[in-house]
Amino acid sequence: MSLIVKNGFVYDPSNGIDGEKIDIFIQDGKIVEKVDEHKAQIIDATGMVVMPGGVDIHTHIAGAEVNTGRLLRPEDHFQDVEPKTVITRSGVGHSIPSTFTTGYRYARMGYTTTITPSMPPLLARHTHEELDDTPIVDKAAFPLLGDSWFVLEYLRDNLIEECSAFVAWMIRATKGYAVKIVNPGGIEAWGFGRNVRNIDDTVPYFNITPREIIRGLCRVNQVLHLPHSVHIHTNNLGKPGNYVTALETMKCVEDLAAGDKPVIHITHCQFSSFKGHDWRTLESGAEEISRYVNRHSHISLDMGQVVFTDTTTMTADGPFQYGLHQLSGNKWVNGDVETETSAGIVPFTYHRKSYVHATQWSIGLELALLIDDPWKIFLTTDHPNAAPFTTYPFIIAWLMSKTARERTMRRINKKARSKSLLGSIKREYTFHQAAIATRAGQAKALGLKNKGHLGIGADADVSIYNFNPEKLDPSRKFITLRKAFERAAYTIKRGEIVVRDGQVVKSVNGKTFWVNPQVSTSLMKSLDDLKGRFQEYYTVQFENYPISESHLASPSSIQVKAEM
Amino acid sequence: MFILRSRYNFTVPVEAECITCDVFSVKSLEEIRSLLVWEGNRQRRLDELFEVEYTGKDKDDETAMKMSGDLSKVRRIGNGMTHGKIIIEANAGSNLGANMTGGSLLVYGNAGSWLGSSMRGGKIEVMGNAGDYVAAPYRGSTEGMRRGEIIIHGDVGNESGNFMRGGFIKIGGNASQFLGIHMRDGTILVNGNSDRRVGAEMVNGRIIVCGHVSEILPTFAIDDLRPSVKIDSERINGPFYRFVGDLAEEGEGKLFISKPSNPHLGFYEQYL
């Protein structure tokens, strides 16, 4: 089947196209140079914005944690119900929607690729089963490896190559995509009721520091040539004064930088940019973080933007979630995944009138606006931690319109407003920059070569929004802009129209990307003792641990060759 | 006044959240008759289930409604209502007056469970008994009743006043277990007896029991002996033992338990 998207204003930052009127030709799910106009279906995008399909680098949409969140929150399902239609299944959930609804809602906003960033390796099977039930969007999952006993032992003994072999085996076994680290060392310490205070604190019983874990895994990442950098949730997340830890985390891998490719991705950076001694003296550390990021090229970030709404926080950072439960008094879940990681879930509401919440809202936007290069900071809400992903259109409006920001500023906590830097920031994102922050930059950071752009050979994931940049000024017409991003005029997934006028018209299955690192057989031999140690550490047999590719509904493997 | 009479005895639940004065006041009689409700898994017009009549405007110009027949399976009457008056001359089903913010509901029979669920204002009066979870929010939610008044002349079931955050509940008869569980604020008055575990996990608010309570949770501490309790302008004469708790939640909720009706709690006086 062939398609032509005609007359739209195309924003394709990866190929340097900035709002030009170009026709996009699609054949058999790929962008091509030309198709036969008589045989092709034509989409008239006159007066509309055409972008590559949206990419979300960090969104908790599947897995044990998300599902436990669903169990914990019947009231979340009750407040948001979607009945079935001829095409779509029914579903429920505001902050943690059911799998099918998640896929539909992403597609309605023009998003076509989503990455679930915290998959406990032991529970990978469950995660992939849920991802298989998330329609339309392409997916990938990051296994949590920062607190795995094996990794800690290899890194303690400075066995980078052996650790690389293990990580390669783990990524292959769990059908993962990249290395995710959450509160390095802290989660293991939490197993003994403790936490680490900074990146040079020692992890109990392992005699290793978070710095060694981060550096070690960054080197492993480089050895394995994984497409994405190490994806890290910093120590001390969500604590006043933690911007120092975030800066130290970035600094500790400065010397590992090689070429243009970032070595580390600091995720939901808003939660790691708090200045002050306690909640009363909390201030934004966005200025310090952005100053550092502007001067260095070995880092990428995502926002973790807070939106004032009722949501559910969930991370593998057990001690953080325990603290949040103590702070809010809300119900909670805390879990431990054998020798690998922990997890916590606490429902949470961000209030406009709360000083802390309003400051957090401000920090996220300050980061996005003070970091000059949009290829370094991406739009996320750490769904559902800072807000559900359905609030992305609000954030796009705040980034693209100073008036929209001022309008919200007027309604937030007074003290937070007076301390916020936002009032003095005049910058407004252009469509070009917004396209980088929501698709091109994220795809580049993930190393997904066929995503996030509309060049020849790219996957035909296209989103079309009904907003005329020639006639309307996004800065003033931010409500129209927001509504356009809420309901894509068209979403095209692999060459098929899946959304028209904000309604799902076809449900297709997305692919699951996984990385298959090739490691020399001699090095794989170093894992010979793994089986024995596995027997000792795990409740699962070594043979039963890996997931076969046939277990995934539509897998797509990416081969990488390790340099060993 | 609108008169609604059920046409037959319902055997499956009827979800009728459209039966509110807010909806009726802005629609013509024909539009009201064609409103859609679910009977079990089938969608039906309102006039397939009820005879709907209109007798003209009332004196005070308030939208009023009188319902009769078999309503014990009809759920969500008066859902989210902001004004007007509904008189139910029968037993009403569950979730009666859920989320209502104003207006009044009067039930001459019994009411089902989840009466006044997450209520935000207005008044509900039930002449008979009410089921479980009076004023409680939906499962999992902590946003219970905030304002308004619920008066039940009969008995109530378990977990009444769950997560209550304000307002007033008056129970003429007896209350079952876990009265005022997770209560955050507001007042509950029981003229009759209450089953065990009154005020479990309460953080704040007041529960007054004039009748018998078999035992007080060990996480409540006696605090005082009060001659009477004042609720707005009304004074309830005691004397009452006053307990503070639930200490397991570091709560400061107050339990007022009648001294004359509970001689077996006399041993607490030694701790005063």
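1. Two residues are taken to be in contact if their C-beta atoms, placed from the backbone, lie within 7 Å. On that criterion, and leaving aside neighbours within four places in sequence, B:Phe240 is in contact with B:Arg226, B:Val229, B:Phe256, B:Ile257, B:Ser258 and B:Lys259. The structure under review is a predicted model, and the points below should be read accordingly.

2. B:Phe240 belongs to strand β16 of chain B, which spans residues 234-245. This residue counts as buried because 25 other C-beta atoms lie within 10 Å, the cut-off for burial being 20 or more.

3. One runs from B:Gly238 to B:Pro239, with omega near 5°, and B:Pro239 is found in strand β16 of chain B. The other joins B:Gly245 and B:Asp246, with omega about 0°; B:Asp246 is found in the loop between β16 and β17 (253-258) of chain B.

4. Positive phi values are noted for two residues. A:Asn183, a residue other than glycine, has phi near 40° and is found in the loop between β13 (180-182) and α7 (186-190) of chain A. B:Asp232, likewise not a glycine, has a positive phi of about 50° and is placed in the loop between β15 (221-231) and β16 of chain B. Are these residues buried or exposed? A:Asn183 counts as buried because it has 28 C-beta neighbours inside 10 Å, whereas B:Asp232 is exposed, with 7 other C-beta atoms within 10 Å.

5. The largest nonpolar core has 159 residues, and those with the most contacts inside it are A:Val50, A:Val167, A:Leu367 and A:Ile464. Helix α16 of chain A (residues 431-446) supplies the largest share of this core, nine residues. Apart from this core lies another, of 71 residues, which includes B:Ile19, B:Ile124, B:Ile188 and B:Phe220.

6. The surroundings of A:Ile464 can be given in detail. Not counting residues up to four places away in sequence, A:Ile464 touches A:Val5, A:Gly8, A:Ala45, A:Met48, A:Val50, A:Ala488, A:Ala489 and A:Tyr490.

7. In chain A, the axes of helix α5 (residues 149-156) and helix α6 (residues 160-174) come within 8 Å and cross at roughly 165°. The two helices are therefore roughly antiparallel to each other, as angles over 145 degrees count as such. The crossing is left-handed. A:Phe150, A:Val151, A:Tyr154 and A:Leu155 of α5(A) meet A:Glu162, A:Cys163 and A:Phe166 of α6(A); the residues of this contact divide into six nonpolar, no polar and one charged.

8. A further helix pair in chain A consists of α13 (residues 392-400) and α17 (residues 478-486), whose axes come within 8 Å and cross at roughly 145°. This crossing is right-handed. Helix α13(A) contributes A:Tyr392, A:Pro393, A:Phe394, A:Ile396, A:Ala397 and A:Met400, and helix α17(A) contributes A:Phe478, A:Leu481, A:Arg482, A:Phe485 and A:Glu486. The residues of this contact comprise nine nonpolar, no polar and two charged.

9. The contact between the chains takes four residues from chain B and four residues from chain A. On the side of chain B that touches chain A, one residue is nonpolar, two are polar and one is charged.

Methods. Residues are numbered from 1 along each chain as its sequence is written. Chains are lettered from A and ligands numbered from 1 in the order in which they are written. This is a predicted model: local features need pLDDT of at least 70, side-chain atom pairs count only at pLDDT 80 or more; totals for chains, interfaces and linings use all residues. A nonpolar core is a set of buried Ala, Val, Leu, Ile, Met, Phe, Trp, Tyr and Cys residues joined through C-beta atoms within 7 Å. A residue is buried if 20 or more other C-beta atoms lie within 10 Å of its own, exposed if 12 or fewer, and partly exposed in between; C-beta atoms are placed from the backbone. Helices (H or I, at least four residues) and strands (E, at least two) are DSSP runs, numbered from the N terminus. Ala, Val, Leu, Ile, Met, Phe, Trp, Tyr, Cys and Pro count as nonpolar, Asp, Glu, Lys and Arg as charged, and the others, Gly among them, as polar. Axes are lines fitted to C-alpha atoms, for helices over the stretch in contact, and angles run from 0 to 180 degrees between N-to-C directions. A crossing is left-handed if the near helix is turned anticlockwise from the far one by less than a right angle, and right-handed if clockwise. Angles under 35 degrees count as roughly parallel, over 145 as roughly antiparallel, 65 to 115 as roughly perpendicular and the rest as oblique.
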